[in-house]
Amino acid sequence: MTRAEFMGRLRRGLAGLPLAAQEEILADYDTHFADGAAEGRSEAEVAAALGDPGRLARELRLEAGLKRWEEERNPSSAAGAVMALVGLGAVDILILLPLLTGVVSAIAGLYVAAIAVFISGGGILVAGPFFDPPGGPLFAVLLGLGLMGASVVGAALLTIVTIWLVNGLVWFGRLHYRLLKPAIQSETYSERGLS
């Protein structure tokens, strides 16, 4: 593979990352080619030593997604980190994806339930005293406030659990990537006869 082919595939794989990050990464890999040429190695040898540009791009996108999650801690960055991890393919998709789908569905359902309880509590709070509820109007007001408060507490606890789950998935992905990386590098170098 030539330098231009490698850099083109790497650039296409990095699409979606901030432009400044793309340019920094591309400059770094361009430097590898320049250093290799200075040492008398061919472009094909340098490209082989660097590995598959598509996999490199997925790994770099994962690292950027994980870094964004660590800095921002919002639903968008969490989704980006999870999707980057799934895109890397470092986790057994046949096992993790159904589990992840079930967990995400359960969390989304619990959030919807918390919103429904909050709205129901608001309805009881506002309309309850006017419809002669059992226990009287004060009971309706307290019941409505109680339901709204319980839904807020439930949603807050659910948010904490969601953050823990995303952190656990990020930790697992980083651990898995660290375990795979030395094996991939040594395999690449031994196959190419490079040190």
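Reply: Gln-22 lies in helix α2. A helix here is a DSSP run of H or I with at least four residues, a strand is a run of E with at least two, and both are numbered from the N terminus. The model is a predicted one, in which local features need pLDDT of at least 70 and side-chain atom pairs count only at pLDDT 80 or more, while totals for chains, interfaces and linings use all residues. Residues are numbered from 1 along each chain as its sequence is written, and side-chain values use heavy atoms, with hydrogens and water left out.

With a relative accessible area of 9%, Gln-22 is buried. Buried means under 20% relative accessible area, exposed means over 50%, and partly exposed is what falls in between, using a 1.4 Å probe and protein chains only. Leaving aside residues up to four places away in sequence, Gln-22 touches Leu-14, Ala-15, Gly-16 and Leu-17. Touching, or contact, means heavy atoms within 4.5 Å.

Arg-61 belongs to helix α4 and counts as partly exposed, because its relative accessibility is 30%.

Next comes the packing of α2 with α1. Their axes are 11 Å apart and meet at an angle of about 160°. An axis is a line fitted to C-alpha atoms, for helices over the stretch in contact, and angles run from 0 to 180 degrees between N-to-C directions. The two helices α1 and α2 are therefore roughly antiparallel. That word covers angles over 145 degrees; under 35 counts as roughly parallel, 65 to 115 as roughly perpendicular, and the rest as oblique. The crossing of α1 and α2 is right-handed. A crossing is right-handed if the near helix is turned clockwise from the far one by less than a right angle, and left-handed if anticlockwise.

On the α1 side, Arg-3, Phe-6, Met-7, Leu-10 and Arg-11 meet Glu-23, Ile-25, Leu-26, Tyr-29, Asp-30, Phe-33 and Ala-34 of α2. Sorted by class, this contact has eight nonpolar, no polar and four charged residues. Nonpolar takes in Ala, Val, Leu, Ile, Met, Phe, Trp, Tyr, Cys and Pro, charged takes in Asp, Glu, Lys and Arg, and the others, Gly among them, are polar.

In α1, the buried residues are Phe-6, Met-7, Gly-8 and Leu-10. They pack against α2, α3 and α4.

Helix α4, residues 53-72, comes within 8 Å of helix α1, residues 3-13, axis to axis, and the two cross at roughly 35°. This crossing is right-handed. From α1 the contact uses Phe-6, Arg-9, Leu-10 and Gly-13, and from α4 it uses Pro-53, Gly-54, Leu-56, Ala-57, Leu-60 and Arg-61. There are six nonpolar, two polar and two charged residues in it.

Helix α2, residues 19-38, packs on helix α3, residues 43-50, as well, at about 135° and with axes 9 Å apart. That angle makes α2 oblique to α3. The crossing of α2 and α3 is again right-handed. Tyr-29, His-32, Phe-33 and Gly-36 of α2 touch Glu-43, Val-46, Ala-47 and Leu-50 of α3. The classes here are five nonpolar, two polar and one charged.

Within α3, Val-46, Ala-47, Ala-49 and Leu-50 are buried. Viewed down the axis of α3, these residues fall within an arc of 160°, so they line one face of the helix. The arc is taken over the directions from the helix axis to the C-beta atoms. An α-helix has 3.6 residues a turn, so residues three or four places apart point the same way. Just after α3 comes Gly-51, which takes a positive phi of about 95°.

Of its 195 residues, 29% count as buried. Among contacts between residues at least 6 apart in sequence, 61% join residues at least 24 apart.
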